[in-house]
Amino acid sequence: QVQLVESGGGLVQTGYSLRLSCAVSGDTLSNYTMAWFRQAPGKERDRVATIYPSGIWIYADSVKGRFTISRDNAKNTLWLQMTRLSDDDTAVYYCAAGRGKIPDGRPSWYAYWGQGTQVLVSS
């Protein structure tokens, strides 16, 4: 059974940085397409970034140039480095893993999810 556990969320002021981590257990991270999603109150769950086993990555337009997705296969850990945070980044952030063809950023393609970690950005 694949298990994902996010950590690193918290309360920060506008302009500050946070680094989220996702610890993967039960299987090897490199076998999966990994992604970060976020969901703000009253809004849908949106894909933030995806990294494929090949190393190819995709970012949402709203975070390009500010967020970086990365993985450490040796440590079986996924990261999301977030910089220049704003109020629009406030959300619960989820780590997700999927296998096989994942053609877009819809959450339904991902079979495994973490519990989420809260990021609250205040002005």
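Biologist: What should I know about the model first?

Modeller: The model is predicted: local features need pLDDT of at least 70, side-chain atom pairs count only at pLDDT 80 or more, and totals for chains, interfaces and linings use all residues. Residues are numbered from 1 along each chain as its sequence is written, and side-chain values use heavy atoms, without hydrogens and water.

Biologist: In what order do the four strands of the open sheet stand?

Modeller: Strands of a sheet pair through backbone hydrogen bonds, either parallel or antiparallel. Here the order is β1-β3-β8-β7, with antiparallel pairing. Strands are DSSP runs (E, at least two residues), numbered from the N terminus. Two strands pair if DSSP finds at least two bridges between them.

Biologist: Why is one side of β1 and of β7 left without a neighbour in the sheet?

Modeller: β1 (3–7) and β7 (67–72) stand at the edges, so each has a single partner strand.

Biologist: Which residues are bridge partners?

Modeller: β1 and β3 (residues 18–25) share five bridges; Glu-6 partners Cys-22 in β3. Cys-22 also has Leu-78 as its bridge partner in β8. Six bridges join β7 to β8 (residues 77–82), where Ile-69 partners Leu-80.

Biologist: Which residues lie nearest the centre of the largest pocket?

Modeller: A pocket is an open set of points on a 1 Å grid over the protein atoms alone, where a 1.4 Å probe fits, with protein on both sides within 12 Å along at least five of seven lines; lining residues have an atom within 4 Å of a point. Here 14 residues line the largest pocket, and Arg-38, Ala-40, Lys-43, Asp-46 and Asp-88 lie nearest its centre. β5 gives the most to this lining, with three residues.
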